[in-house]
Amino acid sequence: MALPLGKSKRILQCLKSKICVVGLGKNSFWSGWFHHGCPSSMAPLAPTCRNPDAVLVNAATQFATRRFESTKAEKHVDSLCDAEGNQLLDFPGGKVAFTSEMRFIPESPMERAHCYRVLDDNGQPNMSNFVQVSKEVAVKMYATMLTLQVMDTIFYEAQRQGRISFYVTSIGEEAINVASAAALSIDDVIFPQYREPGVLLWRGFTLQEFANQCFGNKADYGKGRQMPIHYGSNKHNYVTVSSTVATQIPQAVGAAYSLKMDGKDACTVTYFGDGGSSTGDFHAALNFAAVMEAPVIFICRNNGWAISTPVSDQFRSDGVVVRGRGYGVRSIRVDGNDALAMYTAVHAARKMAITEHRPILIEALTYRAGHHSTSDDSSKYRPVSEIELWRMARDPVSRLRRWIESNDWWSGEAESELRSNVRKEVLDAIQVAERVEKPPIAEIFTDVYDAPPSNLCEQEKLLRETIRRYPQDYPPDVPAL
Amino acid sequence: MAAIFQGIGAAAALPSAKKFHSQSRRFVSARKGSLFVVRSDGRPSLVLPRGAAAKADASATSTASKPGHELLLFEALREGLEEEMDRDPLVCVMGEDVGHYGGSYKVTKGLAAKYGDLRVLDTPIAENSFTGMGIGAAMTGLRPIIEGMNMGFLLLAFNQISNNCGMLHYTSGGQFKIPVVIRGPGGVGRQLGAEHSQRLESYFQSIPGIQMVACSTPYNAKGLMKAAIRSENPVILFEHVLLYNLKERIPDDEYVLSLEEAEMVRPGEHVTILTYSRMRYHVMQAAKTLVNKGYDPEVIDIRSLKPFDLYTIGNSVKKTHRVLIVEECMRTGGIGASLTAAITENFIDYLDAPIVCLSSQDVPTPYAGTLEEWTVVQPAQIVTAVEQLCQ
């Protein structure tokens, strides 16, 4: 049954169960309509009733209104004016100016959001207001990016040779990985998707540690429980990769909330791709980070492809950066292949996130120069020429090298020396990791809970029994202890 | 093997500073004269001796000399929550309308005013995401309690609960722990419609890495809430929409129940009736009739849905040799189905008759009051089942 509501937009809920009308304020618009307390008898409408067509309250139908402390009491004057005398209305959510012109906000802007860049294609800085990195930091960034590139190439080959089952490269995204990590502190907690091993590399994860995880041997911190590239290390503040897309985004917001409660000089940083930005988790996480004023940096690696889905099929907005405003999140679009631009942007974002308690969205434009993973052959859905262009002419590693070379911080000799050293180190690490034992059977059952419960103890006993009885059916290199 | 010792004025160890993945054990604070038990797995828990835990339905005996205080179940939950929030500044609550509104069922009433908006957090309507938030917060050191306004809404959070909450401690090799409590009201209410009458315990029971408990009285509600918060594992605490206004006198002294123990509601000789949550009350009502007819049923509220307390259940089966399970879950894939399998596997030699399981039918819960009543197991059916079982 609809009760005419007058000019207010408040909605009454008709409920069958007995709910008393909550005590209404003195100035309430409704005080003329209801008696206080349960309207169990017919409450005749007060003479202040404005609507002559109002229907009398049915005794059987009782009303409740929700009282929100945050909403001001109804004003009898239902519109205000701004300084120019234009009419404003105080809707929940704030004052809004009216317009007599019906104008739809266009679905796309006149011009796409500009992309922040420092180094041009030849590695020359085009302006001077970027964070001046020292020679040490610049060379370390470059060396780390190069190491990542070499590591990726060799691990990919190892997968092709059947030595590991699976691998995901970050070719083309080295600058995003490393430069962002370089601008952060070790206390900032990372919630990765899966294409960010460069962050771990920057923080000191060794090639051996990477190899151990890929081989799932007993030195793996994950104890052989996850697929390759699902790295995780609490001492590096890098949360273990989970295969599910974008689930880490709201987790990063929750962790930021915990850092904020602690008043720490740290933020959380989470990475995801253009595909991940379509998920429900992305939406709610950004929305909520803004509401909660959480110190979190959202870095979207917009590399143009979600497996075989190009961005034109992923969304119709101007990329991901414009969505920030939709949630009230400050955002910026950056050239993801420009290490200095990434460094500068993340550096600034971190400061804002921590001192102002706000989330920041960084859309790093780049290109996924490799395949989605070793289970993918991207030449099936995109032209090889496009891949080659980005891999060669627009390689972020080369671009940074040109810059450090132009500063005389790097040379051809240093280059070949680093390349051959890294290559050797990676190959060695793989050989060592391959030979290390796998985790023992007990590790199938530990860490499911803090202590193994009786049913798991029983299941372990059963498994050991079975292995003892049929040893030929089980791999010989798995230690039974 | 359990060691029992008096905790005389034992000081509580302060919770460790919020380090990343703290390893320190938290010990239970005990007031003078309380008992705490170190379980065989080395974990301390403050429990009242088994005898004291057993009591007739709806009446409480306090083991302390003080008379205790009366409250409703939702207040008991709140009391447990508040005590834990006082004790440990890392404990926080997040959910829809838990803040100034006090929660849809008033479990968090007054807490936002006392602890501030940051510790009692209102979330937007995005269950998967705020569950994810809770998981992220837990991994960085907080101990969040995530409230689902209705358990059914947590179906939206299934991805985070199954793939992350239950899994990340394992896949990270023990590096990251997730000490969250996920709680909310579920079960068939009064004409709330099919979508608001879900029994999520059926769906969640398979997820490795989580524990599940169901409370049914103010006494066990408070005890289980405290235990769940102190547990290092993710725990799902199932409350029931129709039980929030149950009144009981509970002890004034602090107590924490064990998450893995069942509750002996009524000892008996003829038949073991296993139940939990709201069905406990239907069973006890049937028990009155059964006693008048000369039967002596043993009623156990299993409380721990994952893992089952097969010790208590087994002892009962060995005594009575007949088992009746009464649950609110649907027949297919419910807690009763798993419990039947577990008992059969472990205690087949002690059974004189096949296990009987009374469940709801495999239908969505209808809205009409009469229809809804008949999808839920009623005392009359329980009486009939016992009579048939004991023939």
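Which side chain meets that of A:Asp447 in a salt bridge? The partner is A:Lys223, with a distance of 2.8 Å from N to O. A salt bridge here is a side-chain nitrogen of Lys or Arg within 4 Å of a carboxyl oxygen of Asp or Glu. The two residues belong to distant parts of the chain, 224 residues apart: A:Asp447 is in the loop between α12 (412–435) and α13 (454–469) of chain A, and A:Lys223 is in the loop between α4 and α5 of chain A. Helices (H or I, at least four residues) and strands (E, at least two) are DSSP runs, numbered from the N terminus.

The model is predicted; local features need pLDDT of at least 70, side-chain atom pairs count only at pLDDT 80 or more, and totals for chains, interfaces and linings use all residues. Residues are numbered from 1 along each chain as its sequence is written, chains are lettered from A and ligands numbered from 1 in the order in which they are written, and side-chain values use heavy atoms, with hydrogens and water left out.

A:Asp447 has a relative accessibility of 13% and counts as buried, whereas A:Lys223, at 23%, counts as partly exposed. Buried means under 20% relative accessible area, exposed means over 50%, and partly exposed lies in between (1.4 Å probe, protein chains only). Two further residues of the loop between α4 and α5 were examined. A:Asn217 is found in this loop of chain A and is buried, with a relative accessible area of 0%. Leaving aside neighbours within four places in sequence, A:Asn217 is in contact (heavy atoms within 4.5 Å) with residues including A:Asn212, A:Gly224, A:Ala433 and A:Pro439. A:Thr240 is also found in the loop between α4 (207–215) and α5 (248–262) of chain A. A:Thr240 is buried, with a relative accessible area of 5%. With neighbours within four places in sequence left aside, its contacts include A:His230, A:Tyr231 and A:Gly232, and from chain B, B:Leu168, B:Thr171, B:Ser172, B:Gln175 and B:Phe176.

For chain A, the domain assignment (automatic or from a database) gives domain 1 (135–435) and domain 2 (441–473). The C-alpha centres of these two domains of chain A lie 36 Å apart. An unreviewed UniProt entry lists residues 143–440 of chain A as "domain: Dehydrogenase E1 component". UniProt positions are given in the numbering used here, feature names are shortened, and annotations may be inferred rather than shown by experiment. Over residues 143–440 the chain is 48% helix and 11% strand.

A second salt bridge in chain A joins the side chains of A:Asp318 and A:Arg333 (3.1 Å, N to O). A:Asp318 lies in the loop between α7 (311–314) and α8 (321–327) of chain A and A:Arg333 in strand β11 (residues 330–335), so the pair ties together parts that are 15 residues apart in sequence. A:Asp318 counts as buried at 8% relative accessibility, and A:Arg333 counts as buried at 3%.

Chain B contains 13 helices and 17 strands. Of its 391 residues, 60% count as buried. Among contacts in chain B with a separation of 6 or more, 81% are between residues 24 or more positions apart. The domain assignment of chain B gives domain 1 (69–251) and domain 2 (263–390). Their contact takes 31 residues from domain 1 of chain B and 27 residues from domain 2 of chain B. The C-alpha centres of the two domains of chain B lie 26 Å apart. The annotation "domain: Transketolase-like pyrimidine-binding", from an unreviewed UniProt entry, covers residues 71–246 of chain B. Over residues 71–246 the chain is 35% helix and 18% strand, and the end C-alpha atoms are 8 Å apart.

Over all chains, 47 salt bridges were found. One of them, in chain B, is formed by the side chains of B:Glu263 and B:Arg303 (2.7 Å, N to O). The pair links distant parts of the chain, 40 residues apart: B:Glu263 is in strand β12 (residues 263–266), and B:Arg303 is in the loop between β14 (297–301) and β15 (304–306) of chain B. Both B:Glu263 and B:Arg303 are buried. Salt bridges that share partners also join B:Glu79, B:Glu83, B:Glu84, B:Arg87, B:Lys222, B:Lys226, B:Arg230 and B:Glu254 into one network.
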